[in-house]
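Biologist: Please take me through this one term by term. Each time you use a label, I would like to hear the rule behind it.

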Amino acid sequence: MRIEEIPASPKKPKVTRVAAYARVSSDKDAAFHSLEAQTEYYQNYIAAHPDWELVAIYSDNGISSKTINEIAAILTSMGVLTPAGRTKWSVSTVRSILSNEKYKGEALLQKTFTVDYLTKEVRKNNGEVPSVRVRNSHEPIIEPEVFDRVQEILAESTKRRAKVRTKHPFAGRLICGDCGSFYGHKVWRLRSTGERYNVWYCNHKYDGDKACESPRLRDEEVKEAFEKMLQKYGDSNPVYTDERWNKLVESVKVCRGGHLIFTLTEDRVVKVTL
Ligand SMILES: [Zn+2]
């Protein structure tokens with residue numbers, strides 16, 4: 001018998017990677033808030049924390065000048081990891097950080113609640129149980145006024161998005177598994193009964209050397225896939241509505257063989273087969 005001693009490995013200190021965002025406002029007291037002043041402030045602030053590592057300082061001249069999509073792309077290209085440790089930033093992750101009241105120095109307790117202690121089902125608290133807001137619970141890293149302005153902008157963009165979406169909930173959501181283009185729709189008419197229905201297929205189906213083999217889908221089939229996805233997700237009432245689709249679905253990749261890969265707004269991916 002041989003006994004091998006394995007020496008304890010020294011623990012690596014946990015390093016927090018930090019990125020800063022410098023913003024030049026058009027206010028009169030701009031001197032203190034100049035880009036240089038802010039950059040220097042962040043550099044010193046981050047240097048004062050030995051367990052922090054500065055990734056990058058991103059500067060911009062106004063909070064409204066970047067879309068969340070662009071912010072996500074910038075963070076991805078900077079190599080900043082998401083809170084879950086992933087390399088690709090999604091719109092929903094950026095949005096959830098922008099609307100997280102913790103950065104404003106507030107804590108909202110009881111954000112979720114347990115519906116059933118036996119099954120341990122936990123749900124988002126939309127007012128079913130009281131929640132508690134603790135102001136100044138810790139030092140804010142974003143000025144409350146900036147935070148509140150961001151919430152206004154987010155609400156405006158949600159409204160705008162809802163307006164655009166009134167065309168058709170599937171528009172700009174279905175993606176061809178063969179070439180990556182969006183699906184578009186045509187109205188088809190059954191010769192026998194005159195019945196009209198939407199058929200969705202790749203906008204560039206015939207553009208390549210070979211036609212994309214991603215399947216054509218009727219509205220009903222997309223809805224059916226959505227309901228299957230809800231079932232897989234453990235939803236207690238898996239029924240399609242435009243509202244639920246708009247709220248949940250970021251995109252759906254339609255692949256050969258009728259496999260549909262749903263990317264949900266909560267960063268979850270669910271695959272279903274028709
Ligand atoms: Zn295609």
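Modeller: Helices (H or I, at least four residues) and strands (E, at least two) are runs assigned by DSSP and numbered from the N terminus. Two strands pair if DSSP finds at least two bridges between them. Numbering of residues starts from 1 along each chain, as its sequence is written. The model is predicted: local features need pLDDT of at least 70, side-chain atom pairs count only at pLDDT 80 or more, and totals for chains, interfaces and linings use all residues.

Biologist: How many helices and strands are in the protein?

Modeller: The protein has six helices and 13 strands.

Biologist: What makes E12 and E13 a pair?

Modeller: Five bridges join E12 and E13 in the antiparallel sense, and the rule asks for at least two, so the two strands count as paired. One of the bridges sets His 259 against Thr 273 in E13. The two strands make a hairpin with four residues between them, and Asp 267 in its turn has a positive phi of about 75°.

Biologist: What is on record for the pairing of E11 with E12?

Modeller: E11 and E12 run antiparallel and are joined by six bridges.

Biologist: How do you know which residues Trp 200 is in contact with?

Modeller: Two residues are in contact if their C-beta atoms, placed from the backbone, lie within 7 Å. Leaving aside neighbours within four places in sequence, Trp 200 meets that rule with Phe 170, Leu 174, Tyr 183, His 185, Arg 216, Leu 217 and Val 222.

Biologist: Why is Ile 57 called partly exposed?

Modeller: A residue is buried if 20 or more other C-beta atoms lie within 10 Å of its own, exposed if 12 or fewer, and partly exposed in between. Ile 57 has 18 C-beta neighbours inside 10 Å, so the residue counts as partly exposed. Ile 57 sits in strand E2 (residues 52-60). Across the protein, buried residues make up 12% of the 274 residues.

Biologist: What makes the largest nonpolar core a core, and which residues touch the most other members?

Modeller: A nonpolar core is a set of buried Ala, Val, Leu, Ile, Met, Phe, Trp, Tyr and Cys residues joined through C-beta atoms within 7 Å. The largest has 20 residues, of which Leu 174, Tyr 183, Trp 200 and Val 254 touch the most other members. E7 (174-176), E9, H5 (219-232), E11 (249-255) and E12 (259-264) each give two or more residues to this core. H5 gives the most, with five residues. Another core of five residues lies apart from it, including Ile 71, Leu 75, Trp 89 and Val 94.

Biologist: Why are H2 and H3 called roughly perpendicular?

Modeller: Angles run from 0 to 180 degrees between N-to-C directions, and axes are lines fitted to C-alpha atoms, for helices over the stretch in contact. Angles under 35 degrees count as roughly parallel, over 145 as roughly antiparallel, 65 to 115 as roughly perpendicular and the rest as oblique. H2 (residues 68-78) and H3 (residues 91-98) pack at about 105°, with axes 9 Å apart. H2 is therefore roughly perpendicular to H3.
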